[in-house]
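Work through the following exercises with the coordinates open, and check each step of a solution against the model before going on to the next.

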Amino acid sequence: MRHLLDLSLEEIETELATWGEPRYRAKQVPEWVFHHGATEFAAMTNLPPALRSRLAEAFTIAAPTVLAERVADDGATTKALLDLGGGDAVETVRMDYDPDEDGAPDRVTVCISTQVGCAMGCRFCATGLQGFTRNLTPAEIVAQVLHFSRSASGTNRVTNIVFMGMGEPLANYGGTVAAIRWLTRPEGLGLRQRGITVSTVGLVRGIDRLSQEGLQVGLTISLHAPDDELRRSLIPTSGGTTISQLVAAARRYIERCGRRVTFAYALLDHVNDEPEQARALARRIRGIQAHVNLIPYNPTAGPDLRRPSIGRVRAFQRELQAAGVNATVRIERGIEIAAACGQLRTDIQRANVSPIAVRP
Ligand code: SAH
Ligand code: SF4
C-alpha cells in the first residue's frame, strides 16, 4: 500500500479535494504524523471516522520495524537499523550535543540514509562495498527522522539533519528533495532549512539543481584528494568530474544559496595525508567561502587502507590553516556502536563490531 508521505502536501490536498474534503483536512493529517507521532489514521481524533477509514483503505502511515538499536557515549549516540521489507534495511543515527547542567542537549542531529547500498563504489566506504540495491522513497527517508522525533521529549527534540548515512543523496534527487520539504515545512517536522546538510560525492548536475530549489540547506562535497588522478582512484565512478568543476559548482551554490560549502576529506594514511597534499588542496580551494572537514578514515573497507596517526591528522590540518583554509577534524562519536556510514548493516551481516567515528 502507498505510504502517505510519498505524496507531497500539495498532492494530499489534491487527493482529498477529489474526495470532497475541505482543504484544511489535508494539513491535519501530516500534522498528526509529524507533531503527534501518529502511526495509524485511527489516532486522528479530529477527523471524521468515515474519513479516517477511507484514508486507511488508501494509504498507510506505518513506521518501519526496528531490527536493532545500539546506544553509546552515555546515551548521547543511538543508532537504529530499520526494516524496509523485502530483506532491505537502512540505518539512522541520532547524536546529542552540548548538554546543559540537566543533561538536556542543545542540538540533536540525526544522520540519515537515502539509498540501500550505493553505486558510487568509494574504496574506503563500507556502503560502497555493499553495492547498490535501490533508492529509498521520501517516506522511507523521513521515517528515519520520525523514528527519533517520535520518542523525543521536549528537551531532546531533533534540531539538525545530515544526509551522511548510506547512499548518495543526489543520486536519489527526487527522494532527497521531497524528504527535505516534509522535514522543513510547518505541517511537517518544521525544522530550519539551515539545520539540514546534504553530503554529496560530487554530482555536479545535482548540486546545480539543488542550488535552484529555493532551499537554504547546507552542502558538503566529498573531495578526498587534491588532484584528479588520486581522486579517481579513490572514487572510481567520479569519471570525468574534475576537482575544478566541483570547486566551480561550490562557488555557484554559495552564490545562489548564501550558504558556506564544506569539503569533506577522509584522511587515509600515506595515501592522501601528506603535508604537500594539504598545500595542494589549499591552492585548489583558497578564496572561496568553504571549510574543510577532515575525517580520519574508519577502518571498515579493507586491509589496504589505514587510519593516519593523530599526529599526521593534526599536521595536515595545520598545513591547511597555515595556507588560510579553515579546517576542522571530525570528533568521534559512537565508537562502540559502529556509527559510521554503512557499518551497522555490515556488522549485523558479519556478526561483529568494529571501531568507528561519525560526526556531522
Ligand atoms: N554519499 C555521500 C554521503 C554519505 S557518506 C558522500 O559520499 O558524501 C558521508 C561521509 O562519510 C562522506 O564524506 C564519506 O566520504 C565519508 N566516509 C565514508 N566512509 C568512510 C570511512 N570509512 N572513513 C571515513 N569517512 C568515510
Ligand atoms: Fe556512496 Fe558516499 Fe559511500 Fe561513496 S562515500 S560509496 S558516495 S555512500
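**Exercise 1: a run of strands**

Strand β3 (residues 66–72) and β4 run antiparallel and are joined by six bridges. This is a predicted model, in which local features need pLDDT of at least 70, side-chain atom pairs count only at pLDDT 80 or more, and totals for chains, interfaces and linings use all residues. Residues are numbered from 1 along each chain as its sequence is written, chains are lettered from A and ligands numbered from 1 in the order in which they are written, and side-chain values use heavy atoms, with hydrogens and water left out.

Solution. Strands are DSSP runs of E with at least two residues, helices are runs of H or I with at least four, and both are numbered from the N terminus; two strands pair if DSSP finds at least two bridges between them. Begin with β3, where R70 has K79 in β4 as its bridge partner; the hairpin of these strands has four residues between them, and D73 there takes a positive phi near 50 degrees. The hairpin of β4 and β5 has two residues between the strands, and G86 takes a positive phi near 60 degrees. Finally, seven of the nine residues of β4 (residues 77–85) are buried, where buried means under 20% relative accessible area, exposed over 50% and partly exposed in between, with a 1.4 Å probe and protein chains only.

**Exercise 2: a histidine in a helix**

Task: decide whether H147 counts as buried or exposed, and find which residues H147 touches.

Solution. Locate H147 in helix α5 (residues 138–151). Its relative accessibility is 17%, and therefore H147 counts as buried. Leaving out residues up to four places away in sequence, H147 touches V66, E69, A80 and L82, contact meaning heavy atoms within 4.5 Å.

**Exercise 3: the shell around ligand 2**

Task: list the residues around ligand 2 and sort them by class.

Solution. A residue is near a molecule if one of its heavy atoms lies within 4 Å of it, and the residues around ligand 2 are C118, M120, G121, C122, C125, G128, G167 and V201. By class, this shell has five nonpolar, three polar and no charged residues, with Gly counted among the polar ones and Cys, Met and Val among the nonpolar.
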